[in-house]
Amino acid sequence: MMKEILLVEKPGLLTTVQDLGRTGYQQYGVVVAGAMDSFSMQIANLLVGNRKDEAVLEATIAGPSLRAVRDIVIAICGGDLAAKINGKDAPLWKSVLLKKGDQLSFTGLKSGARAYIAIAGGINVPKVMGSKSTYLKAGIGGLNGRALQKGDVIMGSDAVKTSTIGRMLSPSLIPKYEKHMTIRIVPGPHEEAFTKEGIDTFFSSVYEVTPQSDRMGYRLKGPKISHRKPADILSEAAPLGGIQIPADGQPIILMADRQTTGGYTRIGTVITVDLMYVAQAVPGAKIRFQPVSVQEAQKLYLEQMRIIRQISVGAGIYDE
């Protein structure tokens, strides 16, 4: 049975309901959306006993203030936005009991950019095309297709899974979010569109995340990447992590709310396991790119999936 579980006292900068995204509809022009950092989202769910693909709250840079309407179990993973429970530091990467009347708030930004709040039993919002994810530009999914607002009430399960309280992720598995990062990419598919100097520039330079970055894409600033063919191409599918290089020579990394097709040359694609680090980058963060093979990217992805699978059956998590 579903009950009121949280009251939104302050919405934060941008807090939305997200799951793993709305897949299978890009051919119809429907954007995938979903959690920017899907690793943190999945781990948060597993810590509270949910399926890994259950919807969570994604809080960006400045988190919300939420009041528990009833006893619930939560876990906060991802970026450190200085979470507090009744004014005292709240742990990350660990499931905790939020008692009726308790306040969960976020008071600053210590590392990363996005925190994921999972609630045992999940969040009760309608699925749209198989997903609860919010896509703001179309006004679909989540809570009425928008970000949280003051006075919103979040619905969830009235059953408290107390058996998961105190469950935490092994410190060795917790990602570290740095302001200077090396991101691995698979080169292509339009390498022939760039000069040799342009490709060398891309891999030897440091690029800065600009304030014009959002859930659709991260706009970077740095040395210009030169083309030898026009930057515009016939539109083709836009992959998550694809790095477009428009005519100005400045990279754009396509993220969760990316368009379904794109008409700019792509110099490479961020490998899946490194997308979480890009998702946690704030404006001013510095990125250097490193090429890897498809085989290496697949190997790293399978290893990450193995870790998540082990966590889902208890390995990598221990009770206090």
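User: Before we get into details, how many salt bridges does the structure hold?
Analyst: Keep in mind that this is a predicted model. Side chains of opposite charge can pair when their charged atoms come close. The count of salt bridges in the structure comes to twelve.

User: Let's take Glu 58. Which residue does Glu 58 form a salt bridge with?
Analyst: Glu 58 sits in strand S3 (residues 56-60), and its partner is in the loop between strand S14 (206-209) and strand S15 (217-221), 157 residues apart. The closest N and O atoms of the pair are 2.8 Å apart. The partner of Glu 58 is Arg 215.

User: Is Glu 58 buried or exposed?
Analyst: The cut-off for buried is under 20% relative accessible area. Glu 58 has 1% relative accessibility, so Glu 58 counts as buried.

User: And Arg 215, buried or exposed?
Analyst: Use the cut-off again: under 20% relative accessible area is buried. Arg 215 comes in at 5% relative accessibility, so Arg 215 also falls on that side and counts as buried.

User: Which residues do salt bridges with shared partners join into one network?
Analyst: Glu 58 and Arg 215 pair up in a salt bridge. Shared partners bring Asp 257 into the picture too. The network is therefore made of Glu 58, Arg 215 and Asp 257.

User: Where is Asp 274, the salt-bridge partner of Arg 184?
Analyst: Arg 184 and Asp 274 meet through their side chains, 2.8 Å from N to O.

User: How many residues apart in sequence are the parts tied together by Glu 236 and Arg 266?
Analyst: These two form a salt bridge, with their closest N and O atoms 3.1 Å apart. Glu 236 counts as partly exposed at 29% relative accessibility, whereas Arg 266 counts as buried at 9%. Glu 236 lies in strand S16 (residues 232-237) and Arg 266 in strand S20, so the parts they tie together are apart in sequence by 30 residues.

User: On to the helices. What is the angle at which H1 and H4 pack?
Analyst: Two packed helices are described by the angle between their axes and the distance between the axes. For helix H1 (residues 38-47) and helix H4 (residues 294-312), the axes are 10 Å apart. H1 and H4 are roughly parallel to each other, as angles under 35 degrees count that way. The angle for this pair is about 15°.

User: How many nonpolar residues are in the contact of H1 with H4?
Analyst: From H1 come Phe 39, Gln 42, Ile 43 and Leu 46, which meet Gln 304, Ile 308, Ile 311 and Ser 312 in H4. By class, three residues in this contact are polar and none is charged. The nonpolar count is five.

User: How far apart are the C-alpha atoms of Ile 43 and Trp 93?
Analyst: Ile 43 is in helix H1 and is buried, with a relative accessible area of 0%. Leaving out residues up to four places away in sequence, Ile 43 touches Cys 77, Trp 93, Leu 169, Ile 308 and Ile 311. Ile 43 and Trp 93 are 50 residues apart along the chain, and their C-alpha atoms are separated by 7.9 Å.

Definitions and conventions
Residues are numbered from 1 along each chain as its sequence is written. This is a predicted model: local features need pLDDT of at least 70, side-chain atom pairs count only at pLDDT 80 or more; totals for chains, interfaces and linings use all residues. Side-chain values use heavy atoms; hydrogens and water are left out. Axes are lines fitted to C-alpha atoms, for helices over the stretch in contact, and angles run from 0 to 180 degrees between N-to-C directions. Helices (H or I, at least four residues) and strands (E, at least two) are DSSP runs, numbered from the N terminus. Angles under 35 degrees count as roughly parallel, over 145 as roughly antiparallel, 65 to 115 as roughly perpendicular and the rest as oblique. Contact means heavy atoms within 4.5 Å. Ala, Val, Leu, Ile, Met, Phe, Trp, Tyr, Cys and Pro count as nonpolar, Asp, Glu, Lys and Arg as charged, and the others, Gly among them, as polar. A salt bridge is a side-chain nitrogen of Lys or Arg within 4 Å of a carboxyl oxygen of Asp or Glu. Buried means under 20% relative accessible area, exposed over 50%, partly exposed in between (1.4 Å probe, protein chains only).
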